[in-house]
Amino acid sequence: MKIFAYGIREDEQPALKEWEGNNPEVDVEFTDQLLTPETAALAKGADAVNVYQQLDYTRETLSALHELGINKMSLRNVGIDNIDLPAAREFDFSISNVPVYSPNAIAEHSMIQLSRLLRRAKALDKKIANHDLRWAPTIGREMRMQTVGIIGTGHIGRVAIKILQGFGAKVIAYDKFQNDDIKAQGLYVDTLDELYAQADAISLYVPGVAENHHMIDADAIAKMKDGVVLVNVARGNLMDIDAVIDGLNSGKISDFAMDVYEDEVGLFNEDWSGKEFPDPKIADLIDRENVLVTPHTAFYTTKAVYEMVTQSMDASLAFIKGETPAIAVEY
């Protein structure tokens, strides 16, 4: 049995080697290159491929694997929106993802960023770095005084709610698919418009599916409270970034934290030191004292990386054995 893994980063190698040691019957090979129609040839002789990337898994890519006799693909991430699913069906691909690797990692990051915005940490850090130790005007706000709107109450959203409750914040939530526990707590509002009207801060935890594309646009922002704080650690396409920038310029949005960006492929996880960003919007956002930008690192913890590698490799092996792993994707 052989599994070929694509896009393996240095920080993933210890978990991959540990898995290989625990499964000596499997031949494991890997590359740091992403899966493309051209690099598919590297997997020749493999029974399954293991992948993580933001590039699309196009018909051409899937066809190249199919021609090698490979129709088993395990993703080390959650989203499958970058897979050409009609082509995957045509080539009879078995696909798995890792839907739950560490909700805490992402929820913690989002709430840390919200806390930093409320306490004006970026502006204060800049003052202190310049040896300016005066208090004013960088006065903060307390989390317990905020009404925080949570959009999406899946695994991550529910952890975020617990963190907020620990701070003593008032939480309101919206989800088309309501969770029984959150419902029993009476946290749900009936519509997004209600959440927009009531929330001092809003944090997103929904997938980047077509129906959610640019859900935060100019119309949505207009319905929000003046001085709203926005946090997005979910998917970049949830936000019309031009509308968000307009909101920041007008003051409608007081603060913004983003870990994801609609055009982040080729931008995030690259070293731009001493070079000009290809996208001036990112440079503009990074320069603002009321904006916190992280390059899709909310998930990036030792625990999360370990789970992503281990669960996906377990799924690859299950597929090879003719079994259906618990994290197989129905599509």
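Analyst: Helices (H or I, at least four residues) and strands (E, at least two) are DSSP runs, numbered from the N terminus. With that in hand we can read this predicted model.

User: Where is H131, and is this residue buried or exposed?

Analyst: H131 sits in the loop between α5 and β6. Since exposed means over 50% relative accessible area, H131 counts as exposed because its relative accessible area is 71%. Its phi is near 65°, a positive value in a residue other than glycine.

User: What is the phi of R120, and where is that residue found?

Analyst: R120 also belongs to a loop, the one between α4 and α5, and has a positive phi of about 55° although it is not a glycine. With a relative accessible area of 33%, R120 is partly exposed.

User: Which residues does a cis peptide bond join?

Analyst: The bond joins A136 and P137, with omega about 5°, and P137 lies in the loop between α5 (121-129) and β6.

User: How many residues has the largest nonpolar core, and which element gives the most to this core?

Analyst: A nonpolar core is a set of buried residues joined through side-chain atoms within 4.5 Å. Here the largest has 36 residues, and those with the most contacts inside it include Y101, L114, I161 and F299. Elements giving two or more residues to this core include α4 (103-118), β6 (147-151) and α6 (155-167), and α4 gives the most, with 6 residues. Leaving aside neighbours within four places in sequence, I161 is in contact with I150, T153, V171, A173, I182 and L187.

Technical notes:
Residues are numbered from 1 along each chain as its sequence is written. This is a predicted model: local features need pLDDT of at least 70, side-chain atom pairs count only at pLDDT 80 or more; totals for chains, interfaces and linings use all residues. Side-chain values use heavy atoms; hydrogens and water are left out. Buried means under 20% relative accessible area, exposed over 50%, partly exposed in between (1.4 Å probe, protein chains only). Contact means heavy atoms within 4.5 Å.
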